[in-house]
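I opened the model to look up a few residues and some helix pairs. My notes follow in the order I made them.

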Amino acid sequence: MSDLDTFTLLPLRIDPQSKAISAIPSQPASRSLAAELQALNALHRSLHSLEAPHIVPPPPVPVNPKRSANVTKLRESGNDQYRKQRYAEAIKFYGLGLQMALTRPMWEPSQLVREEVHQLYSNRAQAHMQLMNWPEGATDAEASVEAKRQGNAKAWFRRGKCLVEMGRLEEAREWVAKGLEVEGEEKELMEFLKDVEARIAKKEAEA
């Protein structure tokens, strides 16, 4: 049986004052264990001897630059297709960018992922809107807001627009009002809220 398949309970204790680890005196300790404990205790003492603020350096924040470049390239390719009015192709590029951004390793900063996906979702929502894919556009715009609530007025507006086109006026009014609470007096949202309220008033008058 290999060492990986074997569990050995070591006879150890820790000193409450010095925090040094040692073998229990009543138990015979091997030379290798004694050497390991000596090295561990020496490392512990040396770390405590360091002066602040240099006790422990901050961990690095590893980011794969190649993945970042690919996400950016896919977003720009989508934007290029959008400008050429090839909206279906734009949607494909944005989708590929989302796949790459959302499958970043867990140790990479979540804020980086949020920045990437909120743009891609918002752009894809706009492309869906050009094709009158209102449910898909509403879903993508909401996902964009979930990734970045503040400083994302376009996504708030785009979901509201999709809701209006689907005839969900009350829901659109509530959504845009919530967007104004987050974004402040954002001009486009304020004007759109007035338009939604006018549509609701007209509908009620015709009822």
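**Entry 1: E108**

I started with E108, which sits in the loop between α3 (87-102) and α4 (110-130). I kept in mind that this is a predicted model.

Is E108 buried or exposed? I looked up its relative accessible area and found 6%. The cut-off for buried is under 20%, so E108 counts as buried.

Next I asked which residues E108 touches, not counting those up to four places away in sequence. I found P62, V63 and N64. I then checked N64 against E108 along the chain and in space. The two are 44 residues apart in sequence. From C-alpha to C-alpha, E108 and N64 are 8.3 Å apart. The side chain of E108 reaches the backbone nitrogen of N64 at 3.1 Å.

I also found a side-chain partner. The side chain of E108 makes a polar contact with the side chain of R104, at 2.4 Å.

**Entry 2: α4 with α5**

I noted the crossing as left-handed.

Which residues make the contact? On the α4 side I listed R114, V117, H118, Y121, S122, R124, A125, H128 and M129. On the α5 side I listed W134, E136, G137, D140, A141, A143, S144, E146 and A147. I sorted the contact of α4 with α5 by class: eight residues are nonpolar, five are polar and five are charged.

**Entry 3: α4 with α6**

I stayed with α4 and turned to helix α6 (residues 153-165). The axes of α4 and α6 are 10 Å apart, and the packing angle is about 30 degrees. Angles under 35 degrees count as roughly parallel, so α4 is roughly parallel to α6. The crossing of α4 and α6 is left-handed.

I then picked out the residues that meet. From α4 they are S122, N123, Q126 and M129. From α6 they are K154, A155, R158, K161 and C162. By class, the contact of α4 with α6 has three nonpolar, three polar and three charged residues.

**Entry 4: R159**

I stayed in helix α6 for R159. Its relative accessibility is 8%. With the cut-off at under 20%, R159 counts as buried.

I looked for a polar partner. The side chain of R159 makes a polar contact with the side chain of E142, at 3.4 Å. I then listed what R159 is in contact with, leaving aside neighbours within four places in sequence. The list is A138, T139, A141, E142, R168, E171 and W175.

**Entry 5: α2 with α3**

From α2, the contact uses R67, N70, V71, L74, R75, S77, G78, N79, Q81 and Y82. From α3, the contact uses Y87, E89, A90, F93, Y94, L96, G97, M100 and A101. By class, I noted ten nonpolar, six polar and three charged residues for α2 with α3.

**Entry 6: two positive phi values**

I looked up K19 in the loop between β1 (12-14) and β2 (21-23). K19 is not a glycine, yet its phi is positive, at about 65 degrees. Its relative accessible area is 44%, so K19 is partly exposed.

I looked up M132 in the loop between α4 and α5. The phi of M132 is near 60 degrees, a positive value in a residue other than glycine. At a relative accessible area of 60%, over the 50% cut-off, M132 is exposed.

**Entry 7: the whole chain**

I ended with the protein chain. How many helices and strands does it have? I noted eight helices and two strands. Read along the sequence, the pattern is β-β-α-α-α-α-α-α-α-α. Of the 207 residues, 32% count as buried. Among contacts with a separation of 6 or more, 51% come from residues 24 or more positions apart.

Definitions and conventions:
Residues numbered from 1 in each chain as written. Predicted model: local features only at pLDDT ≥ 70, side-chain atom pairs only at ≥ 80, totals over all residues. Heavy atoms only, no water. Helix = DSSP H or I, 4+ residues; strand = E, 2+ residues; numbered from the N terminus. Buried < 20%, exposed > 50% of the residue type's maximum accessible area, 1.4 Å probe, protein only. Contact = heavy atoms within 4.5 Å. Polar contact = N/O pair within 3.5 Å; in protein donor to acceptor, adjacent residues only side chain to side chain. Left-handed = near helix turned anticlockwise from the far one by under 90°. Nonpolar A, V, L, I, M, F, W, Y, C, P; charged D, E, K, R; others polar. Axes fitted to C-alpha atoms, helices over the stretch in contact; angles between N-to-C directions. Parallel < 35°, antiparallel > 145°, perpendicular 65-115°, else oblique.
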